[in-house]
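Please look over the sequence and the 3D structure shown here.

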Amino acid sequence: MRTTAQTVVRNLGILAHVDAGKTTLTERILYATGTTHKRGEVHDGTTVTDFDPQERDRGITIFAAAVSCAWNGHRINLIDTPGHVDFADEVERSLRVLDGAVAVFDAVAGVEPQSESVWRQADRHGVPRIAFVNKLDRAGADLDAAVESIRRRLHPAPLVVQLPIGTENGFTGVVDLLGMRSLVWSDGDGVAEEGPVPEELREEAWRRRRLLEEAVAELHPAALEEFCMQSPVGKSRMRSPVGESRMQSSADAFRTQSPADEFRMQSSVSTPTLVSALRDLTRTGDGVVVLCGSAYRNRGIEPLLDAVVAYLPSPLDVPAVRGMHDGAEQRRAADPEAPFAALAFKVNATATGRLTYVRVYSGAIEKGDTVWDPGTGRAERVARILRVMADRHERLDRAVAGDIVALVGLRSARAGSTLCAPDVPLVLEPSTAADPVVSVAVEARRSTDTGRLAQALARLAEEDPSLVVRTDAETGQTVLSGMGELHLEVAVEKIRRDGGPDVGVGRPRVAYRETVERGVSGLVFRHVKQDGGAGQFAHVVLDVEPWDVGGAGTQGFEFRSAVVGGRVPQEYVRAVEAGCRDALAEGPLGGHPVTGLRVTLTDGATHVKDSSDTAFRTAGRLGLREALRACEMVLLEPVAEVTVTVPEDAVGGVLGDLAARRGRVSGSTARGGAAVVTATVPLAELFGYATRLRSRTQGRGTFTARPTGYAPAPTGTPTR
C-alpha cells in the first residue's frame, strides 16, 4: 500500500520566462483533468492560480501558487511559479520542495533570459525536467529553432518526441513519435482525435523517430544494445550515400505495409525500451524530453500530462532527504512509517490567520498532532490540514510523505523552517534567500499609523524572506529592500490593498560596495588599553591587496596568516580574522560593505598578561579600517543584464536612452520583425525605465533585467 500510494504522486513546478504561457498552461491542465469546468484566461483575470488582485491587474504571476489535480489515477501537486526576475526567490523556494518540473518555452522566442535563469536554478537543486514548446500557433513559431536554442544555451540533450501537424495558425495537432500516431484537436472541448500519421508526414515522422532512437541510444546503454541488435549496420548505412538510398527504397516498400508492420520493420528500438530510457535520462538529467503544443488553444495538454506521469519521478524515485541532528547527517526516505519530517516553503500571513505550506518528506501528520520546530525550539499544534487549490482549500484528515499541503495553527514557522516529530528531531536544509539589491525608504503618511506600518512590514517579511526591513542607523528611516523595482512596488501596493496605512515611498537606493584598487603593505597597528586591572594589548602588521576569486571577476574576501615563529598564537590569528571581517561592514568611501580584497597578517606581538582574543579582534577591526583609509578605494555599483525587445523602428531611440543611462550594448539581433537589444546597465539607472520604454515604443517595448554583479562607478556617484 505504501509503495502504491506514493508512486502515483507527482510534485512538479511550471517554470518559464515571463509571458511564455505558464499560467495558461496551468489553467489548461486543471481543465483537462476535470479540476475546473471552465477555462480561465490571463487577459480576462479569470485564472485560478493568478488569484491575487495585483496579478490580475498586471497580467503576470507574482506569487507561487499551489494547486492539485488528478490524471489517470495519479495525484499531481503543481506549483505555478513567477517568470519575472524580481520574483526569482519564489521560484527558488518552490524548487527546493519539488521532484520535477515542466519548463515552458515560447516557440517564437526559444530560450529567453529568465528561461535560462530558472533552468540554472533547477540545475542547482537537481530537479528533473521535461520541456514544453508552447505557442506553436503564433506567427513565426519554429519548433526546430526553439529546440536548437535549448541545445545551445541550456546544454542538455533535447529528445523531441513529437512532430507538429501544421504551422502557425494552421497548427492542429502532433504526431506522437513513440506510438507513431496522430493526435488532432478541434477548436471545441480540447479532446484529441487519434488517428494514423498523415501520409504527407510519414516520411518525416520516420526520419525523426530514427533520430530520436539514435540520440537515446547514444546516451542509454540498454537502448544502445537494442539499437545495435536490431540494426547492427544501421548507423553506417544511414550515414553513407548507399545507405540513404537503401533507406529510401525501403521506405517506399514499407508504404504498402500495414502501419503495425511498418512500425516493426522500421523501428530499431522498441517503444517500451524507448520509454524506459527516456524516463531514466530525464531523471538523471542527461536528456530532456521535448513536447509541443498551444496552451491557449488547448492543444497538446493531454500528451504533456501523460509525459509528466511517465517520465518525472515520484517521491519514491528521488534520493532520501538529508538532514542534520547533533552534528551528524541523517537520511529520511519517503516512508509514511518513518518519523515525521517536513519543510515549510511558503507562508501566507493575513490579519485573520496564517497558512504554512509544507512538503512532507517522511512520516505522516494528522489533524491535532504536535510538531517540533528546531529553529525556534517550539512545539506547535496543527489545527487543520488543507489540500491547496490556489486561494481555495480542501480539508484533509491526514498527510503522508510526498504530499504538499498547507497547515493551519502554526505561529512561529517561517519559509525554510523544518517541522519534525518532537521525539525524533531533524533539521533539513532550507533554500537560500538571495541578497536584496534595491531599497526604498517607506514611512506612514500619518504619524499615528507608524505602528500599523511596522506590523504590515513584519507581515510582508514573514511571507517573503527576500524582502528585508531595517532601520537606517544614521537617518532613522525605515528601509525596505528587495530584488527589484517591481518587487518593491508590489510589496508597497500589497500593504495598501490589505487595509494597511497610506505609505509614502522615497527613491529606491541600490546596494553599493567598495573595493581595493591599490593596496598597502606593512601597516602596523598597536592596540593598547589600560584602565585598571588587566589591560588589552595587541600588535598586528597587515598587508592589504585586491583579490578576485579565481581571476573571474568574482568579488570576495580572503584572510591568511604569514606569521612565523609563533609570534602570534593561532587562536589570536583567528581573532584577527574575525576583527577584519567586522571591519568589512563599512568602507571609508561611504560606509558601504567592502569586498574584493585579501588581507595577510605578516607579523605581530603579544603581551604576557594583557593579550586576549578580544584585544586582537579589536586590533584586527581597527587596523583594517586604518589600512583601508590608506588604500586607493573604488566604489562599485550593481549592474544588470538588460534584454530589450522593441519594434525595429524604435531601435535608435532605445539605444540612445540606454547610452544616456550609462548602458553598454553587447548585442542586437532581429527576431520576428522585432529587435532584441542586450546591454549591461547600472541598476541605479533602471528606476522608471519601464515607463520610459513604453513611452518611446508606444507601449510595444518590453524588457527584462537580471542582476549580474558589480562594476566600478563613476567618480562623484551619489550613493545616498
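The text goes through a helix and then a single histidine.

This is a predicted model, in which local features need pLDDT of at least 70, side-chain atom pairs count only at pLDDT 80 or more, and totals for chains, interfaces and linings use all residues. Residues are numbered from 1 along each chain as its sequence is written, and side-chain values use heavy atoms, with hydrogens and water left out.

Start at helix α18, residues 651-660. Helices (H or I, at least four residues) and strands (E, at least two) are DSSP runs, numbered from the N terminus. The buried residues of α18 are V651, V654, D657 and L658; buried means under 20% relative accessible area, exposed over 50% and partly exposed in between, with a 1.4 Å probe and protein chains only. Seen down the helix axis, these buried residues fall within an arc of 130°, so they line one face of α18. The arc is that of the directions from the helix axis to the C-beta atoms. An α-helix has 3.6 residues a turn, so residues three or four places apart point the same way. On the other side of α18, G652, A659 and A660 are exposed. Just after the helix, R662 has a positive phi of about 65°.

Now find H487, which sits in helix α15, residues 485-497. H487 counts as buried because its relative accessibility is 2%. Its side chain makes a polar contact with the side chain of D464 at 2.8 Å; such a contact is a pair of N or O atoms within 3.5 Å, where within protein one must be able to donate a hydrogen and the other to accept it, and residues adjacent in sequence count only if both atoms are side-chain atoms.
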